[in-house]
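I opened this notebook to record what I looked up, entry by entry.

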Amino acid sequence: MNQLGPQQDEEESLTAEEGAHWVAVSDLMAGLMMVFLLVAVAYMVILERETEKIKQVALLYQDLREQLYQDLYNEFKDDLPRWGAELKAEDLSLQFYNTDVMFDLGQSSLQPEFEEILADFFPRYARIITSDKYRYDISEVRIEGHTSSDWTNARSVDEAYINNMRLSQARTRSALGYVLSLPEVNYQKEWLKGHLTANGLSSSKLVIDTVGQENSERSRRVEFRLRTDADSRIREILKDALDK
């Protein structure tokens, strides 16, 4: 008679139970892996969909910027040389550089000649940007004041910067107040008041020439710069994706 029979049966039973346990664990792990895989696939599908939306918004606004630039260029191309101004496609800015006709040295009041230029320019500019074609996609119309880094009798670079900041801010407020006072823009004044801003930037964005030197004349300028709503649209798409 085999004395080890019961012990062997018990060991075989334990081995069978362990095998069944590991089969159950492996089934559970396989199930979890399948869940994770499905979640990953779903996330990739959502990400691809949101990426495509962002791409579409970017293309839409690129087309809008190009159309807006072309409309502005067609309107002002003959006037820019006599105004001492330049229209830039990359940032939709129209920059006035002829400081001799804009402000007296160190002063913020508009000179009469610059008032005449703005009276000619701004109503036509407002007509384009407030048209149904563009008004709903423009988030801000920035009037920016820029200066050179110079300031007579400044005791330090910082003092010159602060003085120029004060001056550039005062100049943009003068320009803003003047263009809003023009009777030709009264019909769009509420829209303009909701989008126009005055931004004095001192010498923070100097114009540098090809040899790396500051171009003081070009650095002293007033810009009308447009910002579209593309960034906020993209932020909304990303927020919606994160909330899902």
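Entry 1, one residue. I am working with a predicted model. I started at Phe96 and set aside its neighbours within four places in sequence. I found Phe96 in contact with Trp83, Gly84, Ala85, Met102, Phe114, Ile117, Phe121, Arg220, Arg221, Val222 and Phe224.

I looked up the largest nonpolar core and found 41 residues in it. Phe96 is among the residues that touch the most other members, together with Phe121, Phe122, Tyr125 and Phe224. Helix H4, residues 112–129, gives the most to this core, with 9 residues. I noted for background that nonpolar side chains tend to be buried together in soluble globular proteins.

I turned to strand S3, residues 138–146, and found 8 of its 9 residues buried. I then checked its partners. S3 runs antiparallel to strand S5 (residues 221–228), and 8 bridges join the two. In this pairing Gly145 stands opposite Val222. S3 runs parallel to strand S4 (residues 196–200), with 5 bridges. Here Val141 stands opposite Leu196.

How many cavities of 30 Å³ or more does the structure hold? I found 1. The largest cavity has about 50 Å³ of space. Its lining includes Gly145 and Val222, and also Met102, Arg220 and Arg221. Helix H3 (99–102), S3, helix H5 (157–181) and S5 each supply at least two residues of that lining. By type I list the lining residues as 3 nonpolar, 4 polar and 3 charged.

Key: Residues are numbered from 1 along each chain as its sequence is written. This is a predicted model: local features need pLDDT of at least 70, side-chain atom pairs count only at pLDDT 80 or more; totals for chains, interfaces and linings use all residues. Side-chain values use heavy atoms; hydrogens and water are left out. A nonpolar core is a set of buried Ala, Val, Leu, Ile, Met, Phe, Trp, Tyr and Cys residues joined through side-chain atoms within 4.5 Å. Buried means under 20% relative accessible area, exposed over 50%, partly exposed in between (1.4 Å probe, protein chains only). Helices (H or I, at least four residues) and strands (E, at least two) are DSSP runs, numbered from the N terminus. Contact means heavy atoms within 4.5 Å. Two strands pair if DSSP finds at least two bridges between them. On a 1 Å grid over the protein atoms alone, a cavity is a set of points where a 1.4 Å probe fits but cannot get out, and a pocket is an open set with protein on both sides within 12 Å along at least five of seven lines; lining residues have an atom within 4 Å of a point. Grid points are joined across faces, edges and corners, and a volume is the space filled by probe spheres set on the points. Ala, Val, Leu, Ile, Met, Phe, Trp, Tyr, Cys and Pro count as nonpolar, Asp, Glu, Lys and Arg as charged, and the others, Gly among them, as polar.
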